[in-house]
Amino acid sequence: MTKDKEKVLENILWSIALPGFPQLLNGKYLKGFGFIALEIIINVQAKFNLAILLSFHGEIQQALDVTNFQWLMFYPCLYFYAMWDAFKAAAGKSSPFMYLPFVFSAYSVTVGLILSPKVMLFGKLWGPVWLPMSFVIPGVIVGFIVKMILQYFTRK
C-alpha cells in the first residue's frame, strides 16, 4: 500500500470513529474541533449514544422512543461531510466527482433514518441505528454509478 493510500485509509477510519479526528491529525485544528463540537452537540441532543446502546442490546423500540429525530436528522450530513473533508485532505487531487459517493451516502442514510420508525426488514424493526447504517451501501453504489456516468459524459 502506498503512503498516499495509507493516509486516505487512516483519515477515513479516524473519521468513522469520530468526525474531526482526521482534521486534527492534519493540523486543521479549528475545523477539527468544530466537527467534534457539532458531533457532540447533535449526539447529545439526539440521545444518539443511548439509541446506539439500546440498539446493540436489541431494544429497538426503546431506541426509537428515546431518539430525538429532529436533532438526529443533522447527523448523516455532518458525518459524511466530515468524512469527505478528511478524504479530500488525504487524497489531494482525486478523480472528478469523487464527492458523489459521500453525498449520496448522506442522502440515503437520512432517508433510512426517516424510514426507521416504520420500515421492517425480515419481519423486524431495525430502528434508528441499523436501518440507516444499512442504507450506506446503496448510497455508495448510487454515488459511484452517478460519478461514472458524469465522468463519461464530461470526457466527450
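Biologist: Is the crossing of helix 7 and helix 8 right-handed or left-handed?

Modeller: The general idea is that a crossing is left-handed if the near helix is turned anticlockwise from the far one by less than a right angle, and right-handed if clockwise. Helix 7 and helix 8 cross in the right-handed sense. Helices here are DSSP runs of H or I with at least four residues, strands are runs of E with at least two, and both are numbered from the N terminus. This is a predicted model, where local features need pLDDT of at least 70 and side-chain atom pairs count only at pLDDT 80 or more, while totals for chains, interfaces and linings use all residues. Residues are numbered from 1 along each chain as its sequence is written, and side-chain values use heavy atoms, with hydrogens and water left out.

Biologist: At roughly what angle do the axes of helix 7 and helix 8 cross?

Modeller: Two packed helices are described by the angle between their axes and the distance between the axes. Axes are lines fitted to C-alpha atoms, for helices over the stretch in contact, and angles run from 0 to 180 degrees between N-to-C directions. For helix 7 (residues 75–91) and helix 8 the angle is roughly 165 degrees, and the axes come within 9 Å. Helix 7 is therefore roughly antiparallel to helix 8; the classes are roughly parallel under 35 degrees, roughly antiparallel over 145, roughly perpendicular from 65 to 115, and oblique for the rest. With contact meaning heavy atoms within 4.5 Å, residues of helix 7 including Phe80, Met83 and Trp84 meet residues of helix 8, among them Phe102, Ala106 and Thr110.

Biologist: Which residues make the contact between helix 8 and helix 10?

Modeller: The axes of helix 8 (residues 100–115) and helix 10 come within 7 Å and cross at roughly 140 degrees, so the pair is oblique. This crossing is right-handed. Among the contact residues are Leu100, Phe104 and Ser108 of helix 8, with Gly139, Gly143 and Leu150 of helix 10.

Biologist: How do I read helix 9 against helix 10, and where is Phe135 found?

Modeller: Their axes come within 4 Å and cross at roughly 25 degrees, which means that helix 9 is roughly parallel to helix 10. Pro132, Met133 and Ser134 in helix 9 meet Val136, Ile137 and Pro138 in helix 10. Phe135 is in the loop between helix 9 (127–134) and helix 10. Beyond its neighbours within four places in sequence, Phe135 contacts Ser108, Val109, Val111, Gly112 and Leu115.

Biologist: Which residues other than glycine have a positive phi?

Modeller: Phe97 is one of them, with phi of about 65 degrees, and this residue lies in the loop between helix 7 and helix 8. Phe122 is another, with phi near 55 degrees, in the loop between strand 1 (120–121) and strand 2 (124–125).

Biologist: How many salt bridges does a search of the whole structure find?

Modeller: A salt bridge is a side-chain nitrogen of Lys or Arg within 4 Å of a carboxyl oxygen of Asp or Glu. The search finds 2. One of these joins the side chains of Glu10 and Lys7 at 3.9 Å, N to O. Both residues lie in helix 1 (residues 3–17), 3 residues apart, about one turn of the helix.
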